[in-house]
Amino acid sequence: MRTILTLAGIRIRITLRNKAFLFFSLIMPMAIFFLYGSVFAKGKPEAVAYLMGPILSFTVMGTFWGLSMQLVTWREQGILRRFRLAPIAPSSMIFSSILANYFLILPTVIIELFLARFIYHVTAFGNLITIFVLVILGITAFGAMGLVIASVTNTMQETQIINQLLWFALIFLSGATVPLAALPNAVQRIGLFLPATYFVYGLQRAMLANAHWYDLGTVVVSLVAWAALAAFISSQLFRWEPEAKLPRNAKLWAVATILPFVLLGIWENHNGKLLSTAAYMMNGRPTENAPPADNR
Amino acid sequence: MANPILQVENLVKRYGDVEAVRGVSFSVEEGEVFGLLGPNGAGKTSTIEVLEGLRVADGGRATVCGLDPQKNPNELKNEIGATLQATSLPDKLRVGEAIHLFAGFYKRRRNTDELLKRFGLEEKRHAFYNQLSGGQKQRLALAMALINDPRVLFLDEPTAGLDPQVRREIYGIIEELKREKKTIVLTTHYIEEAEKLCDRVAIIDHGKLIASGTPRELKQRSGDTTRVEVRLAQPAAKESLKQLDGVTDALEVDGSYVLHCQRTAPAIVALVKHLEAQNNELVSLEIATPSLEDVFIELTGRRLRD
């Protein structure tokens, strides 16, 4: 535990000294916040409240990008190799990265909530405890996804390409940019296979329908299962050196991390009410008319 | 050897089809400075990295402090310290932070302030890693390698790429550690480094250990002969040079002729007469006492830097 805390502490310091981090973790989220708040929501408190789910999702989901890039850079530069000479387990490297990210991402989330309150006069934040539970889960799950990406990619360029592809899928197909209910039906159906969709949906339910975290059983369980699976697989595939060979089936293991959402997507496509609830939330702002919490 | 702290038996390391280490065996006693000397690509780093637990051996057996590097990696890492051929740390990590960070990973640790002072890094405590010179980075790497007061210290090419002045500085540090009776295993391709620092040296070439012993023992292999290196205007027959008075052996290396002479003066006189008779000319002549370089040339027919 001491090793994890020591590593997390130093990662926080190093990251805060990185100007790129300030841009991607503070300036970009703030730009998105004001774009959504002033342009899309036209400053109306109810509309801003509706868009807080997507805004917070952007901030949290970006965590995978920074983590994967840092790990691959450290591996390419031989920094991980120096760490390997010390008695450090791969799991310590992994958990310290995620722990550090709580401290790096949470302040931005809090600033966004404060700005929503004081600039756009949002008064109803729904269930703040649920929002923070989901944010913590999101940082863990999307961070672990970043670590899996770093485990199976060899170079910065490769990592960047995969990150770009995943980022676009996560933001455009999940309701984080265009509301899910406004997307074409076929795209909505594809979106049901993405963790980001459940994350945005969970945050909106907490914000607009005052949902408790235990009311969002499916969302919480799937994010926990995904985070656990991704953290486990990234610890198994962790490589200290660029020359270290990947096991033959490593990429299959990496793809296997999406299993919880493949199953959830199939179930939701056949039996679920997420799409109809999302439509209620979009059309019925404020959302007292949303269907009752159905443990989703 | 009574009680070796490090033992290597028939070590084999392959990378695909390439056999980098081919059945290397040696042992190191506690308090000894042991050098692995050989050209680039000889298998020195692969050997040392197996011992550090960074690479898995494909054959043979190795123990360090009585521990198997593969079976007890964490116990081993608490007992050893190491500098890598190329150490790297995050650019925005400060010197003081790096030392404290790594101290935090070990059960046994030395006073970090003392280490910074000893390695002349006190004033650089707040400097970022990317602001350090090559020598300062290497001193930091050495300080970090000593943070857990290791029983065995591995130094992989500790002075490679450093300018002569910094190299001498690093020699000073290693000599100090030697006086403290620290067990050190170092790899190098610098002859003077091996001769100056090592109690015993193993010469490695093409993954094989071709000779080992104290520098004096190894040099005696040259039969306490003086080396006369000559360049000639025209090629000469090696065999005819071998027949000259006072010459025990003659080798052709990189277009020069290396004559091992038991009696130097008669050998040079005989050489000059021979060249006159052959209508050949002496372009240059250099006399040197035998060094490990000669041992290497004798054993491999090549220079160490080739």
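Hi everyone, let me start with a helix crossing: H3 and H6 of chain A cross in the right-handed sense.

H3(A) covers residues 45-61 and H6(A) covers residues 90-118. Their axes come within 10 Å, and the crossing angle is roughly 165°. Because angles over 145 degrees count as roughly antiparallel, H3(A) is roughly antiparallel to H6(A). Which residues make the contact? On H3(A) they are A:Val48, A:Met52, A:Ile55, A:Leu56, A:Thr59 and A:Val60. H6(A) answers with A:Ile105, A:Thr108, A:Val109, A:Glu112 and A:Ala116. Sorted by class, this contact between H3(A) and H6(A) has 8 nonpolar residues, 2 polar and 1 charged.

Now over to chain B. Here 3 strands form an open sheet, ordered E2-E1-E4, with antiparallel pairing. At the edges sit E2(B), residues 18-29, and E4(B), residues 59-64, and each of them pairs on one side only. From one strand to the next, the twist averages 15°. If you want to follow one pairing on screen, take E1(B), residues 4-15, which is joined to E2(B) by 9 bridges in the antiparallel sense. For instance, B:Leu11 has B:Val24 of E2(B) as its bridge partner. Then there is helix H1 of chain B, residues 44-51, which lies across E1, E2 and E4 of that chain. H1(B) runs at about 120° to E1(B).

How do the chains meet? Chain A brings 18 residues to the contact and chain B brings 20. On the chain A side, H1(A), residues 2-16, and H5(A) each supply at least two residues. Which helix gives the most to that side? That would be H1(A), with 6 residues. By class, the side of chain A that touches chain B has 7 nonpolar, 5 polar and 6 charged residues.

Finally, confidence, as promised. The average pLDDT of chain A is 88, and 96% of its residues score at least 70. H5(A), residues 79-84, has the highest confidence in the chain at 94, while H14(A), residues 274-283, has the lowest, with a mean of 81. One stretch to flag is residues 286-296 of chain A, where the pLDDT is below 50. Beyond near neighbours in sequence, that stretch still has 30 contacts in the model. Where pLDDT is low, predicted coordinates should not be read in detail.

Thanks, and happy to take questions!

Conventions: Residues are numbered from 1 along each chain as its sequence is written. Chains are lettered from A and ligands numbered from 1 in the order in which they are written. This is a predicted model: local features need pLDDT of at least 70, side-chain atom pairs count only at pLDDT 80 or more; totals for chains, interfaces and linings use all residues. pLDDT is the predictor's confidence in each residue, from 0 to 100. Helices (H or I, at least four residues) and strands (E, at least two) are DSSP runs, numbered from the N terminus. Two residues are in contact if their C-beta atoms, placed from the backbone, lie within 7 Å. Two strands pair if DSSP finds at least two bridges between them. Axes are lines fitted to C-alpha atoms, for helices over the stretch in contact, and angles run from 0 to 180 degrees between N-to-C directions. Angles under 35 degrees count as roughly parallel, over 145 as roughly antiparallel, 65 to 115 as roughly perpendicular and the rest as oblique. A crossing is left-handed if the near helix is turned anticlockwise from the far one by less than a right angle, and right-handed if clockwise. Ala, Val, Leu, Ile, Met, Phe, Trp, Tyr, Cys and Pro count as nonpolar, Asp, Glu, Lys and Arg as charged, and the others, Gly among them, as polar.
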